[in-house]
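I opened the notebook to record what I looked up in this structure. Entries follow in the order I made them.

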Amino acid sequence: MTTYRFTLNEEPVEVDAPGMRRLLDLLREDLALTGTKEGCGEGECGACSVLVDGQVVDACLVPVCQVDGAVVRTVEGLGVRRPDGSVALDALQQAFLEAGGAQCGICTPGMLIAARAHLDAGGRTNDDAIREAIAGNLCRCTGYTKIVEAIQLAAGSRA
Amino acid sequence: MTIRTEPRRTSTAPSSPVRDAPEPLLATPGILTPGRARAYPLRREGPAKLTGEARYADDLVFPGAWYGATVRSTDAHARLVGFERDDAFDWSEVVVVTAADILGENIVSLISDDQPVLVPVGGEIMHHAEPLALIAAPDRATVAAARRRLKPVTQPLPPVFDPEASDHVFAHYEIARGDFDAGFADAHLVLEGEYRVGHQEQLYIENNAMIAVPEPDGGITVHGSLQCPYYVHKAMKRALRLDDRGARVVQAETGGGFGGKEEYPSILALHAALLARACRKPVRMIYDRHEDIAATTKRHPAIVRHRTAVAADGTLLAQDVEVVMDGGAYCTLTPVVLSRGALHAGGPYRCPNVRIRARATRTNTPPNGAFRGFGAPQTEFAAETHLNRIADALRLSPLEIRRRNAYREGDTTPTGQVLRESVAAHEVLERAAEAAELEGVRDRTARGRAEREGSGTIPSSPLHTTSARRAHGIGLALAWHGAGFTGSGEVKLASVSSVELTSEGTIRILTASTEMGQGTKTIFPQLVARELGVSSGEVEIAPQDTAFVPDSGPTVASRTAMVVGGLLIKAARKLRARVEEATGRPFADAYAEHGQATGGLRVDERFEPYPGIEFDDATYTGDAYPAFGWASCVAEVDVDLDTGELAVTDVVAVDDVGRVIHPILAEGQVEGGTLQAVGYATIEEMKVRDGRYLNDRLATYLIPTALDAPRITALLVEAPFSLAPHGAKGVGELPMDVGAPAVVAAIADATGAWITALPATPERILAALAGGNRLEPEPESPLGATVDAPIAGGTDPAPEHATDPQPFRAPTDPEERTNGGVRTFDNEPDPDASDR
């Protein structure tokens with residue numbers, strides 16, 4: 001066991017964990033943040049996507065030791081915190097809700113993370129650029145059409 | 001993307017029949033524009049899914065829960081002699097369950113009683129990855145270690161892998177109509193063809209998952225990812241010897257199903273429950289992807305043979321269709337899958353003389369089961385591809401041959417069913433052709449083919465490429481899909497759905513219909529609210545928990561919106577009438593107070609047969625379905641002429657769903673189903689060797705990414721079904737039936753080569769380009785001429801011909817874990833390298 005310190009959804013955290021424990025298990029089991037999902041465990045599906053220092057990573061492939069000192073953001077950290085402590089959907093989440101970008105919802109946290117990173121990095125919002133940005137995240141429900149529309153909707157409302 | 005919710009004629013369309021339609025339900029007629037979402041309720045459970053708060057099975061916490069694992073066979077067919085336990089391991093830390101520990105019947109209850117919960121010692125192992133024993137332990141490392149130290153001892157038996165060689169028939173049907181021989185005698189052209197489709201994995205992104213909790217009274221509650229709570233409930237009662245209350249099934253948030261969580265969760269629930277009983281703790285059985293692909297059901301592979309007689313103008317005169325499906329090792333739902341496949345095998349076309357013979361047999365491969373479309377995608381791929389080849393042979397456009405043959409109102413199907421209403425075949429066809437500019441694009445692709453003619457780079461290929469490196473093509477397909485259960489299924493089921501005014505004065509829906517992404521929890525309150533004159537936000541929906549909700553049937557067969565939605569509307573109408581009668585006030589004003597004052601009121605609505613709809617199971621005649629949905633698809637592809645690589649660039653999908661309840665959700669069904677069909681057509685291929693899936697990982701079984709996906713335009717058409725109170729016919733499966741043949745037709749339009757075995761991999765496309773599958777009849781073939789297509793030879797690069805003996809094997813596949821000559825089915829990471 002080693003002590004690791006990092007920032008998680010804007011809060012400092014300190015965990016005692018084996019260095020090779022998967023970040024996914026640390027989040028889901030030790031920190032009870034179950035919004036990040038496991039779909040394949042080998043970096044193919046993107047359901048476990050989280051942001052580490054602004055980069056999209058698959059939390060099933062990242063050992064805890066690699067996030068020491070990093071800034072980590074999960075789906076639980078995407079919403080807008082109101083002064084009273086409650087959390088409202090941000091523009092991207094709201095766009096997914098309105099455009100029909102989430103169906104079964106299991107890919108949705110990872111999809112939101114990939115989209116958030118793309119938009120935050122100032123990525124282009126044409127169809128091709130958005131598809132490229134979410135190409136590492138598999139969805140079996142939507143055919144991707146409404147996910148792309150949702151991200152474009154969010155990009156528009158942000159401007 | 002535009003949805004037109006009013007049927008609209010096009011200049012080329014035949015006139016739409018006059019419909020005695022129910023009044024428009026919810027959608028505002030007219031053209032809907034972006035931003036339309038605000039006019040409809042937002043997905044009920046959407047916010048929870050978008051914030052990570054939604055609790056799927058693996059997200060549920062049960063303090064003190066143990067972890068369960070399954071010891072599986074590595075033989076395709078063998079006698080189970082016993083188990084060898086490694087004495088060096090401390091077995092006191094774990095529980096082991098075998099068939100001897102099953103209190104009730106060792107049967108996974110479904111259609112046939114052939115599948116055991118666990119293979120008993122002395123019993124027959126019927127397929128690779130079959131469950132033989134179960135282990136649970138307080139932590140994952142211990143359960144993984146124990147699994148490696150419990151080895152089944154088996155005596156191999158000869159396996160059967162070829163469904164046509166199997167003598168064990170699960171089901172067979174023959175559908176006959178007209179004078180078969182006369183139809184062929186009058187033919188201008190007779191065309192034969194054979195079509196093959198392989199396994200397809202549902203590939204829900206959430207794996208199968210179940211947690212069993214032992215209750216103090218001896219009962220067992222399971223929480224899981226599942227489509228059909230009462231299927232699981234029935235299976236638990238039989239195998240665990242529990243009564244109605246002792247067995248309790250609770251659906252967790254479910255991350256996709258597509259049929260893959262229709263029957264499979266029953267066996268998983270039994271496994272978890274057996275372990276929970278043994279260790280007296282909650283037991284988690286959460287499959288990883290490898291185990292899920294290796295062990296759970298797939299779409300049935302099929303071989304479909306057509307012999308078709310046509311007149312010179314393309315009119316169908318006779319169809320002779322033979323369907324063989326591979327059921328895998330156990331019956332599961334195979335008879336019903338085969339039935340739907342057979343009933344749809346002729347395609348949506350009028351034909352006076354038809355014979356459809358279908359059988360499904362047993363092989364020593366993992367059992368096949370439900371998958372969106374349920375037998376119809378297999379047979380409709382064959383029917384559509386065959387019709388497209390007939391059009392090719394007659395130099396007719398694919399649109400024109402369908403105009404001449406597609407069903408209209410008043411036509412009769414092969415079972416003798418008269419299509420009295422709600423027939424939108426021509427409407428979806430014309431809309432799709434128009435939206436995709438089919439004939440215009442076909443003119444361009446024909447010019448492209450002509451330009452490439454005459455200078456070749458592919459040896460012996462009929463396709464000549466000049467300097468062009470890519471070829472563009474467009475293809476059309478048409479499909480029908482029977483709405484709801486086949487034949488008398490719905491009548492036998494007699495499902496119940498309820499609407500309740502609670503004693504707290506709230507409105508609550510009670511059904512066992514599950515939400516798995518398709519929108520159940522959004523459209524049910526919408527339907528009920530409309531009937532009650534309240535807002536949909538005022539209508540609650542009870543959890544899918546067998547302790548609370550009635551058996552409203554399984555969430556399958558696209559029946560939720562049509563059948564269960566219809567029951568809810570009727571229940572809501574009665575509830576409204578009773579409250580308004582008692583109070584003399586409008587329901588919306590009176591219900592809260594009335595519920596509180598009277599202690600509540602509940603209306604249970606049981607399914608009653610649609611009047612005039614009758615089917616004879618013995619003769620396979622009559623109304624196979626109360627109504628049909630209709631779909632047309634136009635796909636455009638680019639084919640790389642050097643590599644055979646295929647890109648599906650655009651798809652127009654037009655689907656008639658009866659009535660659109662929620663356009664965004666309905667479009668989502670069409671778009672998602674279309675992409676699954678495109679995956680089926682292009683990249684989804686399960687390699688099978690000696691009864692074992694070789695590519696049983698997500699790194700090797702591929703599904704389309706956002707970059708692989710075409711631009712999909714979904715258009716909804718409404719031809720309401722008058723016997724459903726809201727006119728809805730269902731949408732889930734329809735788009736799955738029609739995408740694959742459209743893609744294959746587009747490949748043929750691009751290259752002139754017909755792919756007859758799915759998926760259309762680059763290898764198959766190159767083989768077809770090299771001359772395997774070109775069909776070149778004489779334009780003026782004499783009466784009765786037969787064109788035999790050499791389909792069986794040369795196009796199917798079967799795995800055994802591959803130079804790499806196991807091209808899809810992943811580094812950690814079971815066979816690499818060979819240890820002392822004993823193969824283990826083992827996917828656990830090395831415990832020494834993992835902290836899990």
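**Entry 1: one threonine**

Which residues does Thr385(B) touch, not counting residues up to four places away in sequence? I noted first that this is a predicted model. Then I listed the neighbours. Thr385(B) touches Tyr195(B), Pro741(B), Val744(B), Trp754(B) and Ile755(B). I placed Thr385(B) in helix H8 of chain B, which covers residues 376–394. Is Thr385(B) buried or exposed? I found a relative accessible area of 0%. The cut-off for buried is under 20%, so Thr385(B) counts as buried.

**Entry 2: strand E11 of chain B**

I moved on to strand E11, residues 209–214 of chain B. How many of its residues are buried? I got 5 of 6, so by that count E11(B) is mostly covered.

I then checked its pairing. E11(B) runs antiparallel to strand E14, residues 283–286 of chain B, and 4 bridges join the two. I picked out one pair there: Met210(B) has Met285(B) of E14(B) as its bridge partner. E11(B) also runs antiparallel to strand E12, residues 220–224 of chain B, with 5 bridges. Here I noted Val213(B), whose partner in E12(B) is Thr221(B).

E11(B) and E12(B) make a hairpin, with 5 residues between the strands. In that turn I found Gly218(B) with a positive phi of about 95 degrees.

**Entry 3: chain A against chain B**

Next I turned to the interface. I counted 50 residues of chain A in contact with 58 residues of chain B. The two chains bury about 4,300 Å² between them, and 54% of it lies on carbon and sulfur atoms.

**Entry 4: polar links and make-up**

I counted 10 salt bridges between chain A and chain B. I looked at one of them: Glu671(B) and Lys146(A) meet through their side chains at 3.1 Å, N to O.

Which helices of chain A each supply at least two residues of the side that touches chain B? I listed H1 (23–30), H2 (91–99), H3 (108–120), H4 (127–133) and H5 (145–158). H2(A) gives the most, with 6 residues. Sorted by class, this side of chain A has 20 nonpolar, 12 polar and 18 charged residues.

How values were computed. Residues numbered from 1 in each chain as written. Chains lettered and ligands numbered in written order. Predicted model: local features only at pLDDT ≥ 70, side-chain atom pairs only at ≥ 80, totals over all residues. Heavy atoms only, no water. Contact = heavy atoms within 4.5 Å. Buried area = accessible area lost by both parts, 1.4 Å probe. Salt bridge = Lys/Arg side-chain N within 4 Å of Asp/Glu carboxyl O. Nonpolar A, V, L, I, M, F, W, Y, C, P; charged D, E, K, R; others polar. Buried < 20%, exposed > 50% of the residue type's maximum accessible area, 1.4 Å probe, protein only. Pairing = 2+ DSSP bridges.
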